[in-house]
Amino acid sequence: MIQVENLFYTYPGNMSPTIKNVNVSIKDGEIFGFLGPSGAGKSTIQKILIGVLKDYQGNVRVLNQDVSKASSQFYRQLGVAFETPNFYQKFTAKENLEFFAGFYNNNRLNVEELLEKVALKDAYNTRVSNFSKGMKMRLNIVRAFLHNPDLIFLDEPTSGLDPVNVKKVKQFLLEQKAKGKTIILNTHNMNVAETLCDRVAFVVEGEINLIDSPKKLKEAFSRNEIAVLYKEAGKENLEYFQMKLLGQNKQFQQILKGDELIKISTVEKTLEDIFVEVTGRELHDSKTN
Ligand SMILES: Nc1ncnc2c1ncn2[C@@H]1O[C@H](COP(=O)(O)OP(=O)(O)OP(=O)(O)O)[C@@H](O)[C@H]1O
Ligand SMILES: [Mg+2]
């Protein structure tokens, strides 16, 4: 679906490149996440992949085409939701979607059904000027799917959404994946990355440090340890044990025999822990999503 080789991009007027030697290949039907702190270059990469920034170096093929030579057919197969929702404020949700649907001749999805999927059915006839930020975000997401495209780019799709609506958006995207769509998203929300993405790429300072599935990353980085919390002489102790040969560990057996065991849990790393370990960078800044 997407093949990127040796991609470099320098914004006009800048001395050094913002995107440095990015290589990535994305398969049909994947949900793929670009993960990284603010300013890492996620939106820049996305703008190159959708053909908005053309003056790049390297090879970028999307939907079997060289994006620098993208045709109008290319744009019919592509759905995009930019970071900041952009709608006609005086139009209702329905009027906005119908307006945008008017650009496409056929193969449109039902506007009402789409709005229902992201809990906006009641807002069907509400003017967008009266929408909250989260409502605009959800409208923005479904708009990208309106013309039933094969490949959809979403820039920070869950930014500004409460947990209930994050869940609805995740559900909607999984339904779309089940229909065979390929979805590329940018996020700093680790939960979204972990529960939604088939694979993630860690982006830091314009480079991709690592690409893998959240599950494989968690397996590879987990230390296979358990944490045992117990009481000894009235004092709480926390001890870590390797899972390997645990049954033969004398100290562990001793704790089990005592009656002051409080809790045994597996020690798992979150995707966020792994991100910090791999990149040496925190994922979160002042942004709250
Ligand atoms: N039009 C532009 N001209 C020059 N520099 C730009 C332009 N747009 C972005 N940049 C710079 O490129 C770098 C990457 O920006 P980008 O928007 O791709 O980051 P991001 O990973 O999407 O961040 P965020 O999580 O905040 O959205 C930043 O240093 C930014 O200042
Ligand atoms: Mg961005």
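Which residue takes a positive phi in the hairpin of E4 and E5? Select Leu63: with two residues between the strands of that hairpin, Leu63 sits at a positive phi near 50 degrees. Strands here (E, at least two residues) and helices (H or I, at least four) are DSSP runs, numbered from the N terminus.

Some housekeeping before moving on. This is a predicted model, where local features need pLDDT of at least 70, side-chain atom pairs count only at pLDDT 80 or more, and totals for chains, interfaces and linings use all residues. Residues are numbered from 1 along each chain as its sequence is written, chains are lettered from A and ligands numbered from 1 in the order in which they are written, and side-chain values use heavy atoms, with hydrogens and water left out.

Next, colour E1 (residues 2–9). Five bridges join E1 to strand E2 (residues 19–26), and the two run antiparallel; look for Val4 opposite Val24 in E2. E1 also pairs antiparallel with E4 (residues 57–62), again over five bridges. Phe8 has Gln57 as its bridge partner in E4, and Glu5 has Asn59.

**Stop two: the six-stranded sheet**

Select E6, E7, E8, E3, E9 and E10. In that order they form an open sheet of six strands with mixed pairing. The edges are strand E6 (78–81) and strand E10 (207–212), each with a single partner strand, so each has one side without a neighbour in the sheet. Neighbouring strands are turned by 15 degrees against each other on average, direction ignored. Axes are lines fitted to C-alpha atoms, for helices over the stretch in contact, and angles run from 0 to 180 degrees between N-to-C directions.

For a parallel pair, zoom in on E3 (residues 31–35) and E9 (residues 199–204), joined over four bridges. Phe32 has Arg199 as its bridge partner in E9.

**Stop three: the helices**

Show helix H1 (residues 42–49), which packs on this sheet and touches E3, strand E7 (151–155), strand E8 (182–187) and E9; contact means heavy atoms within 4.5 Å. The direction of H1 makes about 150 degrees with that of E8.

**Last stop: ligand 1**

Which residues come nearest to ligand 1? Of the 15 around it, they are Ser38, Gly39, Lys42, Thr44 and Glu83 (near means a heavy atom within 4 Å). The shell divides into three nonpolar, eight polar and four charged residues.

Now check the polar contacts (pairs of N or O atoms within 3.5 Å). A polar side-chain atom of Thr44 lies 2.5 Å from a ligand oxygen, and one of Lys42 lies 2.7 Å from a ligand oxygen. At Tyr11, a side-chain N or O atom is 3.3 Å from a ligand nitrogen. The protein covers 63% of the 640 Å² of accessible area that ligand 1 has on its own (Shrake-Rupley method, 1.4 Å probe).

Definitions and conventions: Polar contact = N/O pair within 3.5 Å; in protein donor to acceptor, adjacent residues only side chain to side chain. Nonpolar A, V, L, I, M, F, W, Y, C, P; charged D, E, K, R; others polar. Pairing = 2+ DSSP bridges.
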